[in-house]
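Let's take a walk through this fold together, sheet by sheet and helix by helix. Have the model open beside you as you read.

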Amino acid sequence: MTGLIAFREIVLKVHSRCDLACDHCYVYEHADQSWRARPKVISPEVISHTASRLAEHARDHALPSVTVILHGGEPLLAGTARLRLVCEEFTRALHGIADLDLRIHTNGLQLSTRYLDLFDEYGVRVGISLDGDRAANDRHRRFADGRTSHPLVLAAVALLRSEPYRHLYQGLLCTVDVANDPVAVLDALVELEPPRVDFLLPHATWETPPARPDGAPDAYARWLLRIFDHWDRRGRPVPVRLFESLLSTLRGGPSLTESLGLAPTDLVVVETDGALEQVDSLKSAFEGAAATGFNVFDHAFDQVAAHPGVRARQLGLAGVSDSCRRCPVVRSCGGGLYTHRYRDRNGFDNPSVYCTDLRELVDGVEGRTAPRETAPQLSDPAELARSQEELTRILLARLHADLAADPGWAHAWELLTAVERAGEAGTDALDAVLDHPFTRTWILAALDAARDGNQDAPEAARRLTALAAAAVLRGGLDLPAEVAYRDGEVYLPTLGLLRLGEPGMEGRAALHVTDEGYAVRDGRAEHRFGPTAGDARWQPVRTWSPGPDAAPVALEDLDPYRNCFPRPPRLRLGAGEAEEWRGRLDRAWALLHKSVPEFARAAATGLTTLTPLAGGPRSGGWGEAGRHGPGALGVPYAAGVRETALALLTGRRRTRLRALTEVADLYALDGEWQHPSPWRERPVPVSRLLADVHERVAVEAYRRATATPEPGGAERIHRALDRLTEAAELTVTGKSLVAELRYELKTVDA
């Protein structure tokens with residue numbers, strides 16, 4: 001069957017009774033009482049058939065691993081012999097097909113060394129239910145005669161924490177009760193040093209709503225936020241899955257728990273009689289809510305995966321209610337646990353009965369952590385530059401892993417590492433050539449070629465050799481810098497183009513540093529070139545200064561990898577053309593500083609390279625961002641002063657946003673969500689809407705300052721910003737960027 005989401009986790013009910021009488025238990029105390037008609041203990045036949053079905057499912061879907069959770073009732077009541085059979089059967093069935101992750105969830109009362117020795121043998125990790133300190137635990141987790149279970153649970157945890165069993169300790173599960181002291185609950189759990197703590201909201205529906213002693217609709221959120229604050233103040237001493245899931249989704253990452261987020265369910269339950277059911281918590285909704293009508297004897301797991309109830313919990317955004325789809329925190333809360341949405345009149349097409357709690361919880365965690373979770377690259381240009389440098393080096397290392405076996409590449413790599421070892425001068429020189437924007441373009445092109453099976457190792461080695469040689473010359477290093485040339489020339493990144501022969505010629509030449517610049521030895525002849533050598537065969541990279549206090553910007557019309565823009569680059573400018581272009585750039589920059597000084601200063605930050613593009617202005621003369629690092633910009637050579645100014649402004653906005661998206665998560669990429677755009681006929685993804693607003697704020701400022709405003713331009717930007725504010729895909733960093741844009745627009749409106 002196509003379109004099925006494979007089950008990666010099964011809950012195996014090995015015993016259907018319990019030795020406690022917890023009054024909040026969804027199995028025994030809620031609507032579904034099907035446990036009464038089921039066998040107490042799972043049979044060997046159910047075990048073997050389930051193991052075979054799981055192995056079949058893992059093989060058919062090529063699953064690398066599967067998780068089996070032994071559950072109940074109380075699973076330890078099944079006894080060591082039956083639990084050993086479970087471990088043996090599943091280990092045998094999955095051998096050679098998928099890795100097996102065995103776990104057990106228990107109240108701990110029966111835990112002893114004979115169980116733990118068995119679990120150690122098969123790597124079964126143990127999770128224990130405990131609601132906190134004694135007062136909290138005794139509120140619900142008691143024996144049928146009312147006796148406390150707390151001392152026995154603590155003894156079980158102590159045994160599990162001891163050697164040689166500590167590695168089996170998976171964590172503690174705590175059901176929330178707002179009548180308990182949240183600080184005391186967390187302290188009691190942390191004292192037991194669990195690898196992880198899970199806080200679960202008590203199962204409830206709109207028909208059987210949760211207890212709210214003070215009547216407040218956000219009581220559970222306030223309780224959990226008190227836990228969060230205490231956990232945070234203590235330095236987050238143990239992982240708390242609920243909080244870490246929220247922090248993950250707020251950063252744009254995945255949900256880490258079924259009770260939150262939009263990730264599709266991949267879990268199926270096997271009852272003691274072999275019945276295949278949906279997630280256990282559905283038993284809280286109504287009698288038979290979890291049933292599928294399937295069993296392990298007659299049905300494959302794929303048939304369960306196709307069940308409408310299972311598919312309903314795999315629809316992501318489409319599977320939540322309309323009000324949830326329009327909520328800005330839906331990526332984090334996911335509409336809440338599916339069970340908690342139930343209402344008699346319309347099933348599960350509702351927000352969670354904990355809706356207000358979940359909204360307050362998400363907003364509360366975000367408000368408390370946004371300053372720390374916001375990527376520093378957003379507000380610190382130096383941090384953005386450092387992140388881009390690191391990214392280039394990571395990509396180059398990945399390319400090296402692909403090409404290390406090529407002799408030419410290996411030789412060039414040795415020279416590159418020698419440069420890096422040559423002290424501060426070598427490190428600075430290497431940083432300069434690696435930070436050249438078109439170094440990134442080359443690396444990305446080479447990685448694409450390797451992925452597609454079209455890698456040209458000699459060409460890649462030539463470019464790496466040229467990079468290393470340019471670093472040697474820039475650093476004034478006494479290292480043997482031999483370059484390979486083709487068509488009679490070699491380009492030295494950041495320095496210039498050196499002609500060594502006629503077109504079609506190939507060969508190798510040695511470069512070295514001289515007192516006046518650089519020299520090349522090709523055979524017996526030595527030719528000097530460089531800044532003062534005056535060799536006609538040397539074409540240096542020209543520069544332009546955007547102001548007396550600004551660093552020079554390279555006017556890059558030589559690098560063969562500058563063809564990374566949406567339109568083709570100009571060929572090498574003549575001397576007169578270069579001077580003419582410099583003049584236009586000077587006047588354009590002066591216009592920007594006069595009309596929009598704050599935007600102009602921001603545009604100058606990090607600008608390292610300008611490439612003249614063929615043709616005149618289009619799309620209003622806006623600049624072009626290419627497939628390169630953050631410092632480069634493509635500008636139409638034939639544009640006038642006003643168009644060039646706009647191109648510098650918008651192009652830098654584009655390159656800055658591209659650079660941010662490369663090193664920081666501004667939005668999640670796990671959904672095809674579309675948003676209305678004031679500038680486009682059809683809805684667009686949040687990335688496109690954000691890019692449009694990011695550019696148009698600056699454009700609006702420029703047009704107003706130059707008396708050429710676009711009618712209704714500011715109103716459209718405001719509408720788009722409002723839509724972005726409500727966009728669930730934005731991370732805390734993305735929201736901070738939107739706030740920054742809103743502030744910029746406010747200064748424009750003033």
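**A guided tour of the sheets and helices**

Start with the open sheet of nine strands, which has mixed pairing and runs in the order β6-β5-β4-β3-β2-β1-β7-β8-β9. Strands here, like helices, are DSSP runs numbered from the N terminus, with at least two residues (E) for a strand and at least four (H or I) for a helix. Two strands pair if DSSP finds at least two bridges between them. Before we go further, please keep in mind that this is a predicted model, in which local features need pLDDT of at least 70, side-chain atom pairs count only at pLDDT 80 or more, and totals for chains, interfaces and linings use all residues. Residues are numbered from 1 along each chain as its sequence is written, and side-chain values use heavy atoms, with hydrogens and water left out.

At the edges of this sheet you will find β6 (197-200) and β9 (291-295), each pairing on one side only. From one strand to the next, the twist averages 25°; angles such as this run from 0 to 180 degrees between N-to-C directions, and axes are lines fitted to C-alpha atoms, for helices over the stretch in contact. Cys 174 has Phe 199 in β6 as its bridge partner. Helix α5 (residues 150-161) packs on the sheet, where it touches β4 (125-129) and β5, and its direction makes about 155° with that of β4.

Next comes an open sheet of four strands, again with mixed pairing, in the order β17-β18-β19-β20. Its edge strands are β17 (542-544) and β20 (632-636), each of which pairs on one side only. Here the twist averages 35° from one strand to the next. Strand β19 (residues 609-613) and β20 are parallel partners over five bridges, and Thr 611 has Gly 634 in β20 as its bridge partner. Across β19 and β20 lies helix α21 (residues 641-663), running at about 150° to β20.

Now for a pair of helices. The axes of α17 (residues 437-451) and α18 (residues 457-475) come within 11 Å and cross at roughly 160°. The two are therefore roughly antiparallel to each other, a label for angles over 145 degrees. The crossing is left-handed, meaning that the near helix is turned anticlockwise from the far one by less than a right angle. Phe 438, Thr 439 and Trp 442 in α17 meet Ala 460, Arg 463, Leu 464 and Leu 467 in α18, where contact means heavy atoms within 4.5 Å. The residues of this contact divide into five nonpolar, one polar and one charged.

Leaving aside neighbours within four places in sequence, Gln 388 is in contact with Arg 440, Gly 629, Pro 630, Ala 659, Glu 662 and Val 663.

Gly 507 sits in strand β13 (residues 506-513) and, at 23% relative accessibility, counts as partly exposed. Beyond its neighbours within four places in sequence, Gly 507 is in contact with Val 483, Ala 484 and Tyr 485.

How values were computed: Parallel < 35°, antiparallel > 145°, perpendicular 65-115°, else oblique. Nonpolar A, V, L, I, M, F, W, Y, C, P; charged D, E, K, R; others polar. Buried < 20%, exposed > 50% of the residue type's maximum accessible area, 1.4 Å probe, protein only.
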